[in-house]
Amino acid sequence: MNVTVIGAGTMGRGIAQVFAQVGNEVVLTDVYQKALETAANEIQKSLGKLHSKGAITEAPELVYGRIKFTEDLSLGRDADIFIEAVLEKLEIKEALYKQLNEIAGENSIIASNTSSISINALSAAIKKPENFLGLHFFNPVPIMKLVEIIKGVRTSASVVEKAIEITRQLGKEPVTSQDFPGFISNRILMPLIREAILALEEGVSSREDIDKTLKLGMNHPMGPLELADFIGLDVVQDIMAVLYEEFGDPRFKPPVTLRNLVNARKLGRKSGEGFYKY
Ligand code: 3HC
């Protein structure tokens, strides 16, 4: 299968990598050359790690060799599936979909990795909305087993079936969701993170003990504050803001502490500081 991934950030490069790992030819494209260079380095590092612990048996160079890194989207025109993983801004996605409408084949699937924008709203910019759906991956993509499949009102049943099959080929497990804000995952995760931040704000306990409670008491691999830092506090705030607006329910309202950290550009791991220092 030919796969084109648009957007070479953390999610896009992880998605490109896992498709290449199972034998697909992948074009990874981005408007920034620097993002492509970083992606190339990170993919090589990740493949090296996976190979050294036996999680992939094929030589990392062979897997890496199946990924073409390019700024030229038209090189990916022959894709059976396009996966969009660009910034979570409606205007940016719509502008990209205009280009995809020109180059995508009649039967190509177009999927968005959006974590919070409505699939139905996005589908309005797609020429063949029956071939469009949400494929929501989780970070780090090479490790996380889940793919959330989001069906829009106009997505065809056969495209959903195909997406389920593709997810399984990647060695991952699908879940399907209707197009409700936050789908399944972020609808449940965001209030958890929010409540942890409120517990911290209200002085219930220290950040370490809040995280320890979820790690050791509920067997979560990371506590919610640590996880928020891992996702990126700006990303967490943006998702909460979308959910708050869509549901109009205070259970999704971004807490003040989160806003303050984001405004101070303390964005979590990627900026060196968030709820914790790195
Ligand atoms: N590529 C290859 N291997 C990787 C990797 C990558 N990108 N990232 C981590 N690993 C490997 C490590 O090498 C390590 O391998 P080992 O066990 O054989 O040594 C293994 O994964 C575990 O990594 P670490 O030892 O560094 O650290 P941890 O044991 O703490 O695991 C973690 C890291 C996998 C990130 C784990 O903490 C975890 O599962 N955290 C929760 C992540 C999570 O919830 N992600 C979803 C976020 S929400 C989201 O993405 C959706 C969005 O819409 C918000």
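1. A definition to start with: angles under 35 degrees count as roughly parallel, over 145 as roughly antiparallel, 65 to 115 as roughly perpendicular, and the rest as oblique. Please keep in mind as you read that this is a predicted model.

2. Helix α1 (residues 10-21) packs against helix α2 (residues 33-52) at an angle of about 50°, and their axes are 10 Å apart. The two helices, α1 and α2, are therefore oblique to each other. Their crossing is right-handed.

3. Which residues in α1 and α2 meet? From α1 come R13, Q17 and Q21, and from α2 come T38, A39, E42, I43, S46, L47 and L50. Sorted by class, this contact of α1 with α2 has four nonpolar, four polar and two charged residues.

4. Now for the second pair. Helix α9 (residues 224-231) and helix α10 (residues 233-247) have axes that come within 5 Å and cross at roughly 100°. With the range of 65 to 115 degrees for roughly perpendicular, that makes α9 roughly perpendicular to α10. On the α9 side the contact is made by A228, D229 and I231, and on the α10 side by L233, V235 and V236. The residues of this contact of α9 with α10 divide into five nonpolar, no polar and one charged.

5. The sheet deserves a look of its own. It is open and has eight strands in the order β3-β2-β1-β4-β5-β6-β7-β8, with mixed pairing. The edge strands, each pairing on one side only, are β3 (67-70) and β8 (173-178). On average, neighbouring strands of this sheet are turned by 25° against each other, direction ignored.

6. Within the sheet, strand β4 (residues 81-84) and β5 run parallel and are joined by four bridges. As one example to find on screen, F82 has I110 in β5 as its bridge partner.

7. Helices also pack on the sheet. Helix α2 lies across β2 (25-29) and β3, running at about 155° to β3. Helix α6 (residues 157-169) touches β4, β5, β6 (132-136), β7 (146-151) and β8, and its direction makes about 150° with that of β8.

8. Is N113 buried or exposed? Its relative accessible area is 8%, and buried means under 20%, so N113 is buried. Leaving aside neighbours within four places in sequence, N113 is in contact with M11, I15, E84, A85, L135, H136 and F137.

Conventions. Residues numbered from 1 in each chain as written. Predicted model: local features only at pLDDT ≥ 70, side-chain atom pairs only at ≥ 80, totals over all residues. Heavy atoms only, no water. Axes fitted to C-alpha atoms, helices over the stretch in contact; angles between N-to-C directions. Left-handed = near helix turned anticlockwise from the far one by under 90°. Contact = heavy atoms within 4.5 Å. Nonpolar A, V, L, I, M, F, W, Y, C, P; charged D, E, K, R; others polar. Buried < 20%, exposed > 50% of the residue type's maximum accessible area, 1.4 Å probe, protein only. Pairing = 2+ DSSP bridges.
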